[in-house]
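Reader: Got a model to go through. Can you walk me over the salt bridges and whatever else stands out?

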Amino acid sequence: MALYTKGKSSEESERSVKDPKFYTRPSLGLKLWGPLVPSSDNTTGLWSLVAIQTGLSIFLMQRFRKLGKKWVKRDIADFPSLNRFSTTHGDMYMTRHIPVQFGGTHSFNIRVGTRTGFWYSDKFRSMRRLVYLLSGTLILSQSMLEVSRLTLLKYDPWVEEAKSVREKQFFNDIVRFYHEGVDSTKFKAKDELSGQTISLNLPEVKQTIAVARAQAQAENLVTKWFGPLDYKPQSFTEFLDKLEYYLNMTDFLNNLRRQKKLDEVDKELEKLSLENKRNRQRIHNIATHAPARAMKTNNNAQGVMGIRRVLLHHDTESSNDISLSEIWAIYNPWTNLALDTALSIKFFPSVIFNEDYLEHQKRTNDSEQVDSMEQKNNTTDGKDLE
């Protein structure tokens, strides 16, 4: 015996599939827009609504300012009570009052055509100013809250969820369009190279058509603005929980990475201290077991080796362990000689200028004339002696 339960009819199921429930997209400061709030991954739409909302708040603030007391410049000559006995002219600033029905001296001098009553009274104007001020402040604070969410949060759970849902919808559309296929009586496919008609039932053709239809569906204006229409965003509580989990995991990973670096530094320091300890012990053993006068002291070695010295590795056992090329590069005698030698070089010009050459030639001529005169004198003296 079997039990039969009546389920939903096919018409009701098709109606529920065709008419999915639409959920308002989440936000922190765009509650004013209601269902017009775009998807969380649509940054262009979010910034557009933030700009419009900020402009609306500035407009309300401007209205609040304009409804305040207005300062009017008047001439003193227009007030007989202030300028009764003279014709002095001058500027005076005063506030513009709104006339009331009765009360005050200005109520007896109401101009013809001036509107009176509660809707034009000072009390109603103050109420309007208060409403403009509160509305502008509230809307501006909401805009700043949404701006802080878009700029300060490095990880936004709503954005990540919207991106994943959009990608899943794209791949689901590809699969759905692939299985649906295309009506061969309405569409035809041709090969680009040969120009022949291709069957639409081929897997490659069906796959290409499915991808093209899925891309067209994703580029739809409504889909780009709202994302998949049938997905339900996570609540504000879930948003805070995931954000808190992300922050805690970030702090944990940063601390773990920092602790790992500290552990590596501690290990290196410990390894270095142990190696230094072994080297000191080894040097001490060599110094204690060495023969007398086999090792020179620092004072004696200073005069022999000079300032430049070569420290060999502690694992060096014999001369075969020493690299001659490395020692020569470190302790090159020719380099040491060049460093220890100070040379003073002077350059003399090999070209004599014209003035110097003329002066030199004049001196030579003078010296030749002196020599010739001396020779003549010598010859004359010899003749006189004869």
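Predicted model: local features only at pLDDT ≥ 70, side-chain atom pairs only at ≥ 80, totals over all residues.

Reader: How many salt bridges in the whole structure?

Author: The search finds 7. The rule is a side-chain nitrogen of Lys or Arg within 4 Å of a carboxyl oxygen of Asp or Glu.

Reader: What does Arg 176 pair with?

Author: Asp 173, at 3.2 Å between the closest N and O atoms, and Glu 180, at 3.5 Å. Asp 173, Arg 176, Glu 180 and Arg 213 are linked in a network.

Reader: Is Asp 173 buried or exposed?

Author: Buried, at 5% relative accessibility. Buried means under 20% relative accessible area, exposed over 50%, partly exposed in between (1.4 Å probe, protein chains only). Arg 176 is partly exposed at 39%, and Glu 180 is partly exposed at 48%.

Reader: And what about Arg 149?

Author: Arg 149 bridges to Asp 156 at 2.8 Å, closest N to O. Arg 149 is buried at 3%, and Asp 156 is buried at 8%.

Reader: Switching topic. What does the UniProt annotation say about residues 255–282?

Author: The unreviewed entry calls that stretch a "coiled-coil region". In the model, residues 255–282 are 100% helix and 0% strand, with end C-alpha atoms 40 Å apart.

Methods:
Residues numbered from 1 in each chain as written. Heavy atoms only, no water. UniProt positions renumbered as here; feature names shortened; annotations may be inferred. Helix = DSSP H or I, 4+ residues; strand = E, 2+ residues; numbered from the N terminus.
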